[in-house]
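I opened my notebook to look through a structure that is new to me. I took one topic at a time and wrote down what I found.

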Amino acid sequence: MSALVSLCSVPSYVQNKQFYSTNNLSKIATVVPQMSLSSSISNQRESKCLLPVEAPLKAILFDIDGTLCDSDPIHYYAFREMLQEIGFNGGAPISEEFFIKNISGMHNDELCHVLFPDWDFERAIKFMDDKEDMFRRIASEQLKPLNGLKEVCEWIEEHGLKRAAVTNAPRPNAELIISMLGLSDFFELLIIGSECERAKPFPDPYLKALQELGVSPKHAFVFEDSISGIKAGVTAGMPVVGLGLRNPEKLLSEAGATFVIKDFNDSKLWTALEELETEIHA
């Protein structure tokens, strides 16, 4: 039997601590902007393509933000409010497009230079730390798993596959999200980009995960939602399934995603898993 697995898919802030009070958290829920869902996922065009995983499949690696849960609207809200508070962009709120292009998926050390090139690093990283504090306060009340995640995790467990979470998020964020989603016992490994020599979009975090799991990139694939994350996974030698809930399919495909799904209930994914299952049991 061929070592390649055939798949069916489609191409493609606020320094006032009173703001963080428990009484205000419920108000925040009504203020967090509803980021638009990507409307570019095509459900009409069908074609054959390959997810080049050599049999047997041994591991699946997951990004966290925007992949396990739809956390980007909270990140966007926190950045929008905090940046406006300090007069960034002339005091005008940043747009969703600015967030996607310049912020989403990047680690905080890099964002310090992107957003505040004239600031000293200590001042910039303090801003980022305050933003993450705001994110965690809101996220602790609002985060939910992406549709179909439970079923995918069950499928992975049933087939005895290794799994790791690989993220550019700060460790407190990652651990909070994993715990809130009930996945603390699911993941064998948590890799943080800032704890590697280089974070995504470099492949180091994914390569470190593979090394610690003892798996070749030929026998693994990745779930990712960001351009930087997809580039990292591809450069690490693995095919990447893109999550196109927020980011346009075209951008994810151009970054190297093998194919793009809207969530874990997407029929394209389950067609792929069925074919992978055939190889696992071959």
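**Helix 6.** I started with helix 6, residues 149-158, and listed its buried residues: Leu149, Val152, Cys153, Trp155 and Ile156. Seen down the helix axis, these buried residues fall within an arc of 160°, so they line one face of helix 6. The arc is taken from the directions from the helix axis to the C-beta atoms. I noted the general rule too: an α-helix has 3.6 residues a turn, so residues three or four places apart point the same way. On the face turned away from the buried side I found the exposed residues Lys150 and Glu158. Buried means under 20% relative accessible area, exposed over 50%, and partly exposed in between, with a 1.4 Å probe and protein chains only. After helix 6 comes Gly160, with a positive phi near 65°.

**Ground rules.** This is a predicted model, in which local features need pLDDT of at least 70, side-chain atom pairs count only at pLDDT 80 or more, and totals for chains, interfaces and linings use all residues. Residues are numbered from 1 along each chain as its sequence is written, and side-chain values use heavy atoms, with hydrogens and water left out.

**The whole chain.** I looked up the secondary structure and found 11 helices and 8 strands. Both are DSSP runs numbered from the N terminus: helices are H or I with at least four residues, strands E with at least two. Of the 282 residues, 52% are buried.

**Asp72.** I placed Asp72 in helix 2, residues 72-85.

**Salt bridges.** I counted 15 salt bridges. Asp63 and Lys200 form one, with their closest N and O atoms 3.0 Å apart. The two sit 137 residues apart, Asp63 in the loop between strand 3 and helix 2, Lys200 in the loop between strand 5 and helix 8. Both Asp63 and Lys200 are buried. A network of salt bridges links Asp63, Lys200 and Glu224. Within helix 7 I found Arg171 and Glu175, 4 residues apart, about one turn of the helix. Their side chains meet in a salt bridge at 3.3 Å, N to O. Arg171 is partly exposed at 27% relative accessibility, and Glu175 is partly exposed at 41%.

**Aromatic pairs.** I counted 14 aromatic pairs. Rings of Phe, Tyr and Trp (its six-membered ring) pair if their centres lie within 6.5 Å; planes under 30 degrees apart count as stacked, over 60 as edge-to-face and the rest as tilted. The ring centres of Phe62 and Phe264 are 6.2 Å apart with planes at 50°, so this pair is tilted. Phe62 lies in strand 3 and Phe264 in the loop between strand 8 and helix 11, 202 residues apart. Both are buried. Phe116 and Trp119 have ring centres 4.1 Å apart and planes at 10°, so they are stacked. Phe116 is buried at 3% relative accessible area, while Trp119 is partly exposed at 23%. My last entry is a cluster: ring pairs link Phe62, Phe186, Phe187, Phe221, Phe223 and Phe264.

Conventions. Salt bridge = Lys/Arg side-chain N within 4 Å of Asp/Glu carboxyl O.
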